[in-house]
Amino acid sequence: MIAPAMLSRAQGAGDFRGLAPTPPMGWNSWDGFGPTIREDEARANADIMSRRLLPHGYDIFTIDIQWYEPGADSYDYRKGAALAMDEWSRLLPAPNRFPSAANGAGFKPLADYVHGLGLKFGIHMMRGVPRQAADRNAPILETTYRAGDIADRTNICPWNTDMYGVDMAKPGAQAYYDSVFALYASWGVDFIKADDMSRPYFRNAPEIHAVRSAIDRCGRPMVLSLSPGETPLTAAADVARNANMWRISDDFWDTWPALVEQFTRLRNWNPYRRAGNWPDADMLPLGVLEMGRRKTRFTPDEQMTLMTLWSIARSPLIMGGDLRKLDDATLALLTNDEVLAVNQSSHDNREALFGDRKVGWTARAANGDTYVALFNLNDATTPVPIELARLGLRGAARVRDLWQRRKIATAHDIFGPTLPGHGAGLYRLSAI
């Protein structure tokens, strides 16, 4: 257990929350490519993202796990694989997969390309020090310490064999993390997805704090995202002092039961959301997934439920599908600017209705209008009525359907659209 003083102290200089004043929006390679993405695939997705998603606010382009693994070829991790690494115990992009990284260039050429498209560049990192470095007892940059000196061989990720934990009580431990982030800063990294962090949170808190400190010292602003969840609610104060976004569940994939579970998690985390601190319901598994093998299992109605819930609860919006195969329906779902405005600029968001597998959330627009999201979690089509008084409205209100982008009704005392099973609606109500 960690001393309360360590958990309560603020981390770093300045307020990193200013780097993410609204929920981050972007694309991540995991859902579409797992650990296998190559540079040509990355550049092609970045090109499409810049043209089709950036105009709507999606600006963070992230390479997910095992970019340092030369032989990654499936969603399964190769135990004991030889990793690309420099002489100072720091992982490097595998040059057979990222040719521009050769001769010590690292991710800088790819980051420069992404920046040239108007995007921010993000990468995934695992908690800890490479086992390969610790087992070789490789040196740590600008210290007399070695990777074997700081490795915690008992604190190991249960699902990936690449790393040992770092014992932050050991001399050289913070210097190791500082050296890693100095390298990332030299590449031009803007966003870090730090994995194997949030579960179990309190065991890993010293390394979370170390990452926060290393970012603050590296000389380059970086948005910090912690994975995976479920982050415990008891860690809400500490995680808010250290990260911009944090996962509230394990990996979220495209099944209806998993989507239903996110309603409770987002309700529970709602009091802890504020500008710069975003509880993260995980990526949007839409479009073509799993190395091109399949399309999302979500029905069109379930896809609308997903986007509506993430928007009204102000979760980060990170697209996961292969953008090279982006179809018109998925593009329309991702780029409805009236819906995205709810995610990016609403306030006073809260759950206002729960029962009979019917859920309602409400929020305020900048001009005082009321947003309401209604969800039918039942299998059959049914009305989902909500009293205007629950939304803070009296009398009548004009109703605009944000998905259809048109006025649909005038509501008096009760608004009760009929929604398909597993479906949702998102509306803007203006008092009359």
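Okay, let's start with a term: a helix axis here is a line fitted to C-alpha atoms over the stretch in contact, and angles run from 0 to 180 degrees between N-to-C directions. With that in hand, look at helix α11, residues 300-312, and helix α13, residues 337-345: their axes come within 7 Å and cross at roughly 35 degrees.

Sorted by class, the α11 contact with α13 has 6 nonpolar residues, 2 polar ones and no charged ones.

Let me zoom out to the whole chain. How far can we trust the prediction? Mean pLDDT for the protein is 96, and 97% of the residues reach 70 or more. The part to watch is residues 1-13, where pLDDT is below 50, although this stretch does have 25 contacts in the model beyond near neighbours in sequence. Where pLDDT is low, the predicted coordinates should not be read in detail.

On to the overall architecture. We have 13 helices and 23 strands in the protein. The radius of gyration is 22 Å, and the globule rule gives 22 Å for 432 residues, so the protein is as compact as a globular protein of that length. Of the 432 residues, 59% are buried. The accessible surface is about 16,200 Å², with 51% of that belonging to carbon and sulfur atoms. And if you take the contacts with a separation of 6 or more, 73% of them are between residues 24 or more positions apart.

The cut-off for buried is under 20% relative accessible area, and Ala-72 comes in at 12%, so Ala-72 counts as buried. Skipping neighbours within four places in sequence, the contacts of Ala-72 are Pro-35, Thr-36, Gln-66 and Arg-97. For a sense of scale, Ala-72 and Ser-315 are 243 residues apart along the chain, with 30 Å between their C-alpha atoms.

Next, Arg-324, in the loop between β13 (317-319) and α12 (328-334). Arg-324 has a relative accessible area of 39%, which makes it partly exposed. Which residues does Arg-324 contact, leaving aside neighbours within four places in sequence? Those are Phe-33, Glu-41, Ala-44, Asn-45 and Ile-48. Arg-324 is also 261 residues from Ile-63 in sequence, and the two are 16 Å apart in space, C-alpha to C-alpha.

Another arginine: Arg-293, in the loop between β11 (288-289) and β12 (294-295). Arg-293 is exposed, at 54% relative accessible area.

Last topic, backbone geometry. Quick reminder: most residues other than glycine have a negative phi, and most peptide bonds are trans. So here are the exceptions I picked out.

Two are cis peptide bonds. One runs from Arg-199 to Pro-200, with omega near -5 degrees, and Pro-200 lies in the loop between β7 (191-195) and α8 (201-217). Another runs from Ser-227 to Pro-228, with omega near -25 degrees, and you'll find Pro-228 in the loop between β8 (223-226) and α9 (236-240).

Then there's positive phi. Asn-137 has a phi near 55 degrees without being a glycine; Asn-137 is in the loop between α5 (131-136) and α6 (147-150) and is partly exposed, with 31% relative accessible area. Arg-357, also not a glycine, has a positive phi of about 55 degrees. Arg-357 is in the loop between β14 (347-355) and β15 (358-364), and its 42% relative accessibility counts as partly exposed.

That's my tour, thanks, everyone.

Methods
Residues numbered from 1 in each chain as written. Predicted model: local features only at pLDDT ≥ 70, side-chain atom pairs only at ≥ 80, totals over all residues. Heavy atoms only, no water. Helix = DSSP H or I, 4+ residues; strand = E, 2+ residues; numbered from the N terminus. Nonpolar A, V, L, I, M, F, W, Y, C, P; charged D, E, K, R; others polar. pLDDT = per-residue confidence, 0-100. Contact = heavy atoms within 4.5 Å. Rg over C-alpha atoms; globule rule 2.2 N^0.38 Å. Buried < 20%, exposed > 50% of the residue type's maximum accessible area, 1.4 Å probe, protein only. Areas by Shrake-Rupley, 256 points an atom, 1.4 Å probe, with all protein chains shown as cover.
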